[in-house]
Amino acid sequence: MIFLANLINGESTAPASGSYLDNINPATGEVYSKIPDSDERDVNAAVDAARKAFPTWSGLPKEKRSALLLNLSSLIEKNLERLALAESNDQGKPLWLSRSVDIPRAVSNFQFYATAALHAHTEAHAMEQTAINYTLRTPIGVAGCISPWNLPLYLFTWKIAPALAAGCTVVAKPSEITPMTAYLLGELSIEAGLPPGVLNIVHGLGPKVGMSIVSHPTIPAISFTGGTKTGAVITQTAGPMFKKLSLELGGKNPTIIFADADFDKTVQTAVRSAFSNQGEICLCGSRILIERPLYERFKNAFVEEVKKLRVGDPLEEKNWLGAIASEQHFQKILSYIELAKTEGGILLCGGKAVQPEGRCANGYFIEPTVFEGLSYDCRTNQEEIFGPVVTLQPFDAEDDVIRYANSTEYGLACSLWTSDLSRAHRMAGQLEFGIVWINCWLLRDLRTPFGGMKNSGVGREGGFEALNFFTEERNVCIRI
Ligand code: NDP
């Protein structure tokens, strides 16, 4: 049994409570490690260490900080196989996916922000003959970073990298469901030469550890990715304390397909967008809206492709879908499949739990599931399921599809397929989503603003926006 530890002041530290939580491999249903059940005492110790480390870290020349973060990036790359296996065992995702996407992206996050910080600039505003204003940006202090279980290391580093590059020190909490790669990152950060206290990682439960970070009086900025309900709870605590908040929350993303779209590419990408990572990516397209003349042809081709997807042991290359991340989430997805049936959905394929033979017999697996015949405003089409369940819906006119697409409380991402570029530009401005992909999905440039409208979030990550989030701005006005 592996016992994980917190990283506080550069040292592996047992939780103050002395208690541990079970960490389950969702592909086998077995407990394979123990996680510190930390509490406020551990968070306080981590914040103290981060506060002590802040003056030195923020005062380092940016080139030195950059070099240390590049060291860490190289170490993640060097340990790619080990981290990819750990991510797959912890989260349930196919090993080929963590090897080709999650861990390489963690490498890029550190590379990107280590070098972006070297190119950051500030603005000046001249008032003709009267005065000159310039903006000073200084690191804000100890940053709190809280991340979810779906893309564990990928999203953990997407927050930590800009915070550290901006000159902040960090107290971070990974999801209690997927703590393993965060723990390994802690070890690598020491090997990379990060001074003690610069990066602190406290494991444990959201309402205990997460809330202690959010409510800590000397953490002025919280960067959070997770569910919309948790985002609201965090805001209730952090809002009255006037903390800076960056919230990346849930989604219910549409894939909109016009009859003039490139058919083969659209089918292929719609399948990938619906079922990558078992549908557990906040950007997955779970409502597929198809122009009526194309509906039957698309439906037949889509369902045929989905039936070919294999579900099973995440360590076997042939499987395209692995396990659902936890038993609780597995039950939630199955309950949505039942809901879709009671709402009148017609099941086109999937719809059942899968029980593979061998070592994964007790794991949490669900078939990729496709429904049709549901109205755009039913619960199945309005609520985030966050699993391998999608609906197909026909539409007649551009106005109708915009209304259907915009009808949910969410506004994270949308993917639009058409060969009519005028229509694409026209619609891009009317779709209420922070990200609009046209004839593509999940094509990411780390310089672009990333985040959601409406209940999908507050603020944007990515590019200089994330670096600026972790700074305090001052305007200096000099009279001429
Ligand atoms: P949760 O909101 O349940 O948890 C996210 C993190 O917050 C976890 O570390 C969790 O800890 C912690 N947490 C839980 N309760 C509190 C609290 N009261 N105070 C502080 N922290 C708390 O989300 P999930 O982990 O279930 O992740 C899935 C959600 O994340 C989906 O809604 C998905 O759409 C969203 N997401 C959004 C993305 C975006 O970029 N917009 C990207 C990826 C996911 P613990 O695990 O211990 O409960």
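Analyst: Four cavities of 30 Å³ or more are counted, where a cavity is a set of points, on a 1 Å grid over the protein atoms alone, at which a 1.4 Å probe fits but cannot get out, and where lining residues have an atom within 4 Å of a point. Rolling a probe the size of a water molecule over the atoms shows where empty space is left. The model is a predicted one, in which local features need pLDDT of at least 70 and side-chain atom pairs count only at pLDDT 80 or more, while totals for chains, interfaces and linings use all residues. Residues are numbered from 1 along each chain as its sequence is written, and side-chain values use heavy atoms, with hydrogens and water left out.

The largest cavity holds about 120 Å³, a volume being the space filled by probe spheres set on grid points that are joined across faces, edges and corners. Its lining has 14 residues, and G251, G279, C284, S286 and F386 lie nearest the centre. Seven of the lining residues of this largest cavity are nonpolar, five polar and two charged; Ala, Val, Leu, Ile, Met, Phe, Trp, Tyr, Cys and Pro count as nonpolar, Asp, Glu, Lys and Arg as charged, and the others, Gly among them, as polar.

The second largest cavity, with a volume of about 80 Å³, is lined by R105, L151, Y154, L155, W158, C282, L283, R444 and F450. By class, that lining has seven nonpolar and two charged residues but no polar ones. Helix α5 (residues 152–165) supplies the largest share, three residues; helices (H or I, at least four residues) and strands (E, at least two) are DSSP runs numbered from the N terminus. Because domain 1 (2–249 + 456–479) and domain 2 (253–445) both give residues to its lining, the second largest cavity lies between them, the bounds coming from an automatic or database domain assignment.

Turning to open space, a pocket is an open set of grid points with protein on both sides within 12 Å along at least five of seven lines. The largest pocket has a volume of about 1200 Å³, and 42 residues line it, with W149, G226, G227, T228 and T230 nearest its centre. Elements that contribute two or more residues to this lining are α7 (206–215), β11 (221–225), α8 (228–238) and α11 (327–342). The lining of the largest pocket comprises 19 nonpolar, 14 polar and nine charged residues. Domain 1 and domain 2 both give residues to that lining, so the largest pocket lies between them.

The second largest pocket contains about 390 Å³ of space; 17 residues line it, and A117, A120, H121, R137 and T471 are the closest to its centre. Two or more residues of that lining come from each of α2 (62–78), β7 (131–139) and α15 (463–469), with α15 giving the most, three residues.

As for the ligand, 32 residues surround it, the closest being S147, T230, L249, C282 and E384, where being near requires a heavy atom within 4 Å. Polar contacts are pairs of N or O atoms within 3.5 Å. A polar side-chain atom of W149 lies 2.9 Å from an oxygen atom of the ligand, and a polar backbone atom of G206 is likewise 2.9 Å from a ligand oxygen atom. A nitrogen atom of the ligand is 2.7 Å from a polar backbone atom of L249. The protein covers 88% of the 900 Å² of accessible area that the ligand has on its own, as computed by the Shrake-Rupley method with a 1.4 Å probe.

Methods. A polar contact is a pair of N or O atoms within 3.5 Å; within protein, one must be able to donate a hydrogen and the other to accept it, and residues adjacent in sequence count only if both atoms are side-chain atoms.
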